[in-house]
Amino acid sequence: MPELMVEITPANAQQMLIDESHQRLVLVDFWADWCSPCKMLLPILEKLTREYAGQVLLAKVNCDEQQAIAGQFGVRSLPTVMLMKDGQPVDGFVGAQPEPAVRALLEKHLPKPWDTLFAEALRLFEAGDVAGALQPARGAYEESKQRPDIARLYAQVLLDLSRLEEAQIVLDSIPMIDQDSDYERLIAELELKQQAADTPEIQALLEAQARDPDDMNTAYLLAVQYSQTGRAREALELLIGIVRKDREFRDGEARKTLLDIIRALGKGDPLAAEYQRKLFALMY
């Protein structure tokens, strides 16, 4: 684990106050031994520093011993707390503050959980691991309450994996005010993939299904075609309908195909979980 707290001296000031702030937040506590409010504040700063487990460095500046450093930061009263990020002070306060106020200050500048997931998804996607990017992209999208820039990355991942119905849902969630040129590109890509997904085989099976909606054999063949073109939800819906009518259709082939699609979607996939529950309810 990275160092949590450090006493600042002229020898380490550049490294710990400036250089380190490019890697994580640095909480700088300007204090003195004669300052009673400083002694009230310090346990709060130390507690929160431990709680954030390496995301924050607490840098303590004894102003009686390090007057030059305090002067460089323009400190005029104690305690003074500054928050350093990317080499610059970005926030702070003067005087003792209660724990909720200090926590709110840190939370405002610490990366959110979805930012970490988003960064991981972007790294994997740019490295060519589109399948690996799916789970962190989905997590970032859900935890951020569908933040538009995250939604666009998630939609791109889904498109590259030919999960077109889900990509459509994600793109539909983006508010009009955030429908920029990247969004328009994604919509155009979705439309092209949707057109390509309507293969002649699918069109012929849809026509046969329209003539005889109760033909389970046609429904099964259509589900197989859907699964092969990335239309997982449509395939699963057809297959669950077949199993609902006949659990042993084609000697259990419909049920097996349904389970194969669920497994291919991967553990933790919401679509897989949804149809796993439906199948479980039918079977038990």
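Author: Start with a crossing: helix H5 passes helix H7 in a left-handed manner. Keep in mind that this is a predicted model. Two packed helices are described by the angle between their axes and the distance between the axes. For H5 (residues 113–126) and H7, the angle is about 35° and the axes are 11 Å apart.

Which residues make this contact? H5 brings Trp114, Phe118, Ala121, Leu122 and Phe125. H7 answers with Asp149, Ile150, Leu153, Gln156, Val157 and Asp160. Sorted by class, the contact of H5 with H7 holds eight nonpolar residues, one polar and two charged.

Now stay on H7 and turn to its contact with H8. H7 covers residues 148–160, and H8 covers residues 164–172. The axes of H7 and H8 come within 8 Å. They cross at roughly 165°. Angles over 145 degrees count as roughly antiparallel, so H7 and H8 are roughly antiparallel to each other. Their crossing is left-handed.

What does each helix bring to this contact? From H7 come Ala151, Tyr154, Ala155, Leu158 and Leu159. From H8 come Leu164, Glu166, Ala167, Val170 and Leu171. The contact of H7 with H8 divides into nine nonpolar residues, no polar ones and one charged.

Next, follow H8 to helix H9 (residues 181–197). The axes of H8 and H9 come within 11 Å and cross at roughly 155°. H8 and H9 are therefore roughly antiparallel to each other. H8 passes H9 in a left-handed crossing.

On the H8 side, the contact uses Leu164, Ala167, Gln168 and Leu171. On the H9 side it uses Tyr183, Leu186, Ile187, Leu190, Lys193, Gln194 and Ala197. By class, the contact of H8 with H9 has eight nonpolar residues, two polar and one charged. Leu164, Ala167 and Leu171 of H8 meet residues in H9, and they also meet residues in H7.

Five strands form an open sheet with mixed pairing, in the order E1-E3-E2-E4-E5. Strand E1 (5–7) and strand E5 (88–94) stand at the edges, each with a single partner strand, so one side of each has no neighbour in the sheet. On average, neighbouring strands are turned by 20° against each other, direction ignored.

Take one pair inside this order. Strand E2 (residues 25–31) and strand E4 (residues 80–85) pair in the antiparallel sense, over five bridges. Leu27 stands opposite Leu83 in E4.

Helices lie against these strands too. H2 (residues 36–51) lies across E1, E2, E3 (56–62), E4 and E5. H2 runs at about 155° to E3. Helix H4 (residues 99–109) also packs on the sheet, touching E2, E3, E4 and E5. The direction of H4 makes about 165° with that of E5.

One last detail is a bond. A disulfide is a covalent bond between the sulfur atoms of two cysteines. How many disulfides does the model have? The count comes to one. Cys35 and Cys38 form it, with their sulfur atoms 2.4 Å apart. The torsion about the S-S bond of Cys35 and Cys38 is about 85°, so the disulfide is right-handed.

Definitions and conventions: Residues are numbered from 1 along each chain as its sequence is written. This is a predicted model: local features need pLDDT of at least 70, side-chain atom pairs count only at pLDDT 80 or more; totals for chains, interfaces and linings use all residues. Side-chain values use heavy atoms; hydrogens and water are left out. Axes are lines fitted to C-alpha atoms, for helices over the stretch in contact, and angles run from 0 to 180 degrees between N-to-C directions. Helices (H or I, at least four residues) and strands (E, at least two) are DSSP runs, numbered from the N terminus. Angles under 35 degrees count as roughly parallel, over 145 as roughly antiparallel, 65 to 115 as roughly perpendicular and the rest as oblique. A crossing is left-handed if the near helix is turned anticlockwise from the far one by less than a right angle, and right-handed if clockwise. Contact means heavy atoms within 4.5 Å. Ala, Val, Leu, Ile, Met, Phe, Trp, Tyr, Cys and Pro count as nonpolar, Asp, Glu, Lys and Arg as charged, and the others, Gly among them, as polar. Two strands pair if DSSP finds at least two bridges between them. A disulfide is a pair of cysteine sulfur atoms within 2.5 Å.
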